[in-house]
Amino acid sequence: MAGVTAIPKIDTVIFDVGNVLYQWDLRCLFEKLIDDPVELQWFLENVVTPEWHFQHDAGRPLTDMLPERIKQFPQYESHIQAYAERFNESIPGPVTGSLSLVKQLAARDVPLFGITNFGSELWQGFRPTASIFDLFADIVVSGDEKLVKPDVAIYKLALSRFDVVAEQCLFIDDRLENVEASESLGIKGHHFQDAETLRQELIALALL
């Protein structure tokens with residue numbers, strides 16, 4: 001019909017990383033260093049907290065973060081250093097079934113991209129351990145860009161860099177606010193729960 005613009009078919013998939021492709025939990029590292037469960041819980045709520053960690057995701061360098069935190073909690077100096085030196089131990093392994101879906105999509109020549117809230121230095125330590133990302137055309141890392149989800153600016157940057165339009169993309173993230181931010185730009189969002197539910201979505205979209 002004249003004057004009607006066709007909506008592009010969804011043909012591109014953009015993945016989050018943490019708790020979509022790979023499990024992530026600071027507890028996995030620090031339960032190796034703190035035996036007492038009460039102390040461990042206090043440590044995770046007050047010393048190496050997700051909120052503190054997210055400063056690195058947003059682009060703050062570890063060279064600023066670590067000395068500041070050690071000064072505040074000198075009794076935990078070795079643990080705070082371990083956060084940087086042993087961060088990969090907070091990533092115990094892939095999310096069940098997710099990497100298989102990535103491989104299936106790649107086998108069908110579906111373009112694959114990533115947008116991850118991940119500190120630049122810690123990403124440099126993790127990326128070489130995860131060959132699955134060799135299948136990705138590009139990954140926008142928050143710590144490199146000093147932009148974090150759910151700020152719509154990081155999605156706009158990704159669309160420009162990936163050279164795609166919002167309507168042709170499926171974005172997958174485990175955090176609802178990140179999905180909703182992507183949808184505000186016209187990207188189709190999938191709030192990740194598990195690989196099987198995602199697989200059904202991918203089949204429904206004719207991506208698998």
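Me: Hi! Which side chain does Lys-149 meet in a salt bridge?
Reply: Lys-149 pairs with the side chain of Asp-16, at 2.8 Å from N to O. Keep in mind that this is a predicted model.

Me: Where do those two sit along the chain?
Reply: Lys-149 is in the loop between α8 (142-145) and α9 (152-162), while Asp-16 is in the loop between β1 (12-15) and α1 (26-30). The pair therefore ties together parts that are 133 residues apart in sequence.

Me: Are Lys-149 and Asp-16 buried or exposed?
Reply: Both residues are buried.

Me: Nice. How many salt bridges does the count come to?
Reply: The count comes to nine salt bridges. One of them is between Glu-89 and Lys-32, whose closest N and O atoms are 2.8 Å apart. This pair links distant parts of the chain, with Glu-89 in the loop between α5 (77-85) and α6 (98-107) and Lys-32 in the loop between α1 and α2 (37-46), 57 residues apart.

Me: What is the relative accessible area of Glu-89?
Reply: Glu-89 has 26%, which makes it partly exposed.

Me: What about Glu-68, which side chain does it meet?
Reply: Glu-68 forms a salt bridge with Arg-60, at 2.9 Å from N to O. Glu-68 counts as partly exposed at 41% relative accessibility, and Arg-60 is partly exposed at 25%.

Me: Switching to strands. How many residues of β2 are buried?
Reply: Five of the five residues in β2 (residues 112-116) are buried, so the strand is largely enclosed by the rest of the structure.

Me: Which way do its residues point?
Reply: Leu-112, Gly-114 and Thr-116 point one way, and Phe-113 and Ile-115 point the other way. In a regular strand, side chains alternate between the two faces of the sheet.

Me: In what sense does β2 pair with β1?
Reply: The two strands pair in the parallel sense, over three bridges. As a landmark, Phe-15 stands opposite Gly-114 in β2.

Me: And over how many bridges do β2 and β3 pair?
Reply: Over four bridges, again in the parallel sense, with β3 covering residues 138-141. Asp-138 in β3 is the bridge partner of Phe-113.

Me: Which helix does the chain pass through between β2 and β3?
Reply: The chain crosses through helix α7 (residues 120-126), and this β-α-β crossover is right-handed.

How values were computed
Residues are numbered from 1 along each chain as its sequence is written. This is a predicted model: local features need pLDDT of at least 70, side-chain atom pairs count only at pLDDT 80 or more; totals for chains, interfaces and linings use all residues. Side-chain values use heavy atoms; hydrogens and water are left out. A salt bridge is a side-chain nitrogen of Lys or Arg within 4 Å of a carboxyl oxygen of Asp or Glu. Buried means under 20% relative accessible area, exposed over 50%, partly exposed in between (1.4 Å probe, protein chains only). Two strands pair if DSSP finds at least two bridges between them. A crossover is right-handed if, with the strands pointing away from the viewer, the path from the first strand over the helix to the second runs clockwise.
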